[in-house]
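Dear colleague,

My findings follow directly after it.

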Amino acid sequence: MPYTTGLPEAKSAAVPNRSAFGLREHLITVFRQKRMLLTIIGVATMVAGPGSFLMTNIYSAEVRLLIQNARTPFSMSTPLTGQVFTPSDITQKDDVATEVQIFTSPILLDKLVDYFGNERVLTSMRGRWDWVADLPKFVFKQLAGLPPVAQVLATIGYESKPENLHYQAVQQIRAHLNVEGVRQTHVFVASLDSPDPNFSADALNALVGIYMDHQLSIRKGKGAREFFDEQTKQMRGELQQAELRLQAFKDKWNIVSIEDQKRHLLQQVTHTEAALRESQVQVAETEVRITKLKERLAGQQEAIPLTNVSERNPMLDQLKNRLMQMELEYSQYVPDSPAAGELVREIAAVRARLQAESAKVTGAATSGLNQTYQELKRNLVMEEGRRESLRPRLSELTKQFKSYRDSLNTLDQREMELQGLMREVKVKQEAFDIYLKKEEESRINEVLDRKGISNVNAIEHATAPQKPIRPRKLLNVVIGLLIGLVGGFGSAYVSEYMRRTFVTREEVEDALRRPVLAALPLVRPGTSDAVSFDLELRQAAQQVIRSYHERGLRTLLATSALRGEGRSHVAGALARVLAEQKFRVLLITFEAADSGKPTTDDGAAADKQGPDAGRLRQADPESTDLPLLHRLLVRHKEGTALEFAEHLAEVAKTMRDRFDLIVIDGPALTSFPEMRVAIAGIDGTILVIEAERTVSVAAARTTMSIEAAGGHLLGLVLNKRRYIIPDWIYGRWLAAGGREGV
């Protein structure tokens with residue numbers, strides 16, 4: 001079988017997380033907790049199985065009843081609203097719920113108990129183990145009958161009340177009676193459970209009969225027919241009076257069809273309003289045209305000139321010719337000469353004369369009437385005449401429109417009064433129809449009551465059941481088994497989750513961050529555990545030999561956190577393997593002060609060697625069956641524990657020259673803390689941890705104390721490790737990965 005183990009030297013400070021929970025881990029959890037798992041499953045199954053056979057058999061009788069709509073309760077209407085509630089307004093669900101409530105009413109159960117008697121009901125409904133529940137009450141009743149107890153109870157104001165057997169019987173029937181409707185049908189089912197099958201059937205049939213009689217009595221309308229006769233006559237008179245008031249109102253105002261009259265008035269109002277608006281627009285347009293004509297007429301003259309004749313002034317031509325000649329002469333003179341200056345003054349005088357003569361024009365003109373003025377005035381007169389002709393029409397249309405509106409408002413008021421009278425007639429008519437119908441229904445119900453006809457009929461009567469409905473023994477056993485499985489597996493996984501001890505090499509390395517030299521299995525007879533034990537032990541020895549060559553390791557201390565973890569066995573086995581590797585090995589053991597025998601962690605005792613002398617005594621090394629392996633016993637008879645620890649270290653130093661390796665079977669550090677003073681003088685220390693016993697906190701504290709004392713922790717040894725998974729399961733499904741983690 002392949003077995004793989006990683007080298008401790010390759011182990012880094014950050015150990016990878018190997019806590020993945022796969023099939024292997026599930027199997028380990030199940031097989032480790034199999035005792036608790038099987039115990040819980042067995043207890044649950046044993047409780048469910050025999051418990052089911054000890055329970056009282058419960059029989060259930062059943063009856064089915066059909067609700068028919070041949071008879072329905074009276075349904076009245078509200079005269080003011082006119083809403084009529086017919087039987088169709090009552091839904092199927094409401095019908096069934098109503099009958100169920102009637103069937104389970106306390107008055108029916110009281111009649112049923114009276115029919116059978118209290119004793120028979122209580123006896124038939126009593127289970128096999130009901131006496132257990134009644135036992136405290138019986139004991140209290142007996143104690144209350146004793147004079148001292150009765151006196152104490154009377155002092156505190158307690159009064160014993162007699163048992164109401166009738167009430168108890170009714171409560172028993174109520175607790176075991178189940179009535180419910182069948183969905184989408186008019187059927188409801190009633191069932192009664194009891195230990196007596198005959199009583200279940202008889203009681204249920206009797207209850208159906210009581211229910212039928214009770215239903216006839218509650219649905220019978222006392223004096224209903226006389227009431228409806230009187231109300232029908234009264235409503236007939238009120239209806240006739242309402243009709244007379246309506247007809248008188250129509251005759252008074254000559255109303256034939258108020259809708260047609262209103263429609264005609266609305267048409268008249270619409271036409272008059274359109275004509276009125278058209279006239280108002282025409283008047284407004286005429287006013288605008290008159291205003292525009294007046295504005296244009298104000299800008300025109302009544303008479304205008306017709307012809308205008310003018311003649312040219314001959315003086316102007318002469319002056320212009322003279323001015324031209326003088327300007328030509330001026331060009332011939334020397335500027336600024338006296339003659340030139342004189343000529344300039346003459347030119348200026350001529351120009352002034354020319355300007356004065358230019359305003360004088362001679363001629364003759366004639367005038368006559370302005371045609372535009374005359375046309376505008378004629379149009380103005382026409383528009384004013386049109387305006388005056390529109391004003392009487394506008395006034396008349398306004399009067400007609402107001403008259404039509406007043407008539408329409410009056411008609412609206414009459415319509416409201418008419419509708420009120422018509423509504424009153426309608427309500428009276430509906431009320432009259434309802435009372436007339438109910439009068440007929442009451443007559444029919446009286447006939448049905450005399451015939452004993454109900455609207456509920458039994459489809460099938462109850463018969464004594466042949467098989468009990470409870471307990472279902474096989475189902476209870478299966479449920480118990482399932483509960484046991486769930487509880488067992490749940491407890492197993494909770495226990496595994498709460499576990500704080502070590503099981504596998506990976507758990508030790510992950511928790512303590514220290515290398516594991518060997519994971520020694522607990523050797524079981526007839527298995528291959530011995531082979532795995534030797535292989536692990538040789539691997540631990542190889543690590544010790546490597547430290548011997550690389551670091552010069554000569555002394556090795558094997559210790560543990562607790563007593564009884566197999567430290568002595570591991571030390572002795574490791575010493576033998578090292579001796580088989582051709583090393584001269586000395587195994588040092590010690591003897592406690594109070595035992596008188598060598599202290600070994602596995603309970604073995606070594607023989608005394610030599611006489612006692614002094615408080616600390618050591619014997620000479622003795623030979624063993626291996627030539628290279630010797631054993632030395634150090635006795636602790638008297639003196640302090642600290643002196644013994646120092647002496648043990650001195651003994652190891654004195655033997656270094658005689659042996660290659662010295663293996664010290666040291667005491668547990670928790671029971672012998674003085675050993676820490678000797679750890680610093682020892683080359684290497686191995687901490688032995690017992691699987692499934694040593695808790696992680698104790699192991700961590702021990703490793704920290706070793707390093708705090710200056711010792712060199714060579715590694716850890718996981719001892720007494722169990723292979724949980726059976727070999728046949730492991731070999732079939734898990735062998736590919738080796739037995740690591742099994």
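Strand β16 is mostly covered, with eight of its nine residues buried. Please bear in mind throughout that this is a predicted model. Two parallel pairings involve β16: one with β7, over four bridges, and one with β15, over six bridges. Together, β15, α21 and β16 make a β-α-β unit, and the unit is right-handed.

K720, also in β16, deserves a separate look. Its phi is positive, near 60°, although K720 is a residue other than glycine. Most residues other than glycine have a negative phi. K720 counts as partly exposed because its relative accessible area is 28%, whereas the cut-off for a buried residue is under 20%.

How buried is G684? Its relative accessible area is 0%, so G684 is buried. Beyond its neighbours within four places in sequence, G684 is in contact with L553, T555, L556, L557 and H712. The C-alpha atom of G684 is also 8.8 Å from that of A558, a residue 126 positions away along the chain.

Over residues 505–512, its buried residues are R505, E506, V508, E509 and L512. Viewed down the axis of α16, these residues fall within an arc of 160°, so they line one face of the helix. This may be read against a general point: an α-helix has 3.6 residues a turn, so residues three or four places apart point the same way. The elements covering the buried residues of α16 include β7 (516–521), α17 (529–551), β15 (684–690), α21 (696–708) and β16 (713–721). After α16 comes R513, which has a positive phi near 55°.

The loop between β6 and α15 (473–498) holds P471. R470 and P471 are joined by a cis peptide bond, with omega about -5°. For context, most peptide bonds are trans.

Another positive phi occurs at K582, which is not a glycine and has a value of about 70°. K582 lies in the loop between α18 (567–580) and β9 (585–591). Is K582 buried or exposed? K582 counts as exposed because its relative accessibility is 70%, the cut-off for that class being over 50%.

T286 lies in α11 (residues 258–298), and T286 is buried, with a relative accessible area of 1%. Setting aside residues up to four places away in sequence, T286 touches E383, R386, R387 and L390.

Finally, some totals for the protein chain. The chain has 22 helices and 16 strands, and buried residues account for 37% of its 742 residues. Of the contacts with a separation of 6 or more, 81% are between residues 24 or more positions apart. The accessible surface comes to about 43300 Å², and carbon and sulfur atoms contribute 56% of that surface.

With kind regards

Conventions
Residues numbered from 1 in each chain as written. Predicted model: local features only at pLDDT ≥ 70, side-chain atom pairs only at ≥ 80, totals over all residues. Heavy atoms only, no water. Buried < 20%, exposed > 50% of the residue type's maximum accessible area, 1.4 Å probe, protein only. Arc of directions from axis to C-beta. Contact = heavy atoms within 4.5 Å. Areas by Shrake-Rupley, 256 points an atom, 1.4 Å probe, with all protein chains shown as cover. Pairing = 2+ DSSP bridges. Right-handed = clockwise from strand over helix to strand, strands pointing away.
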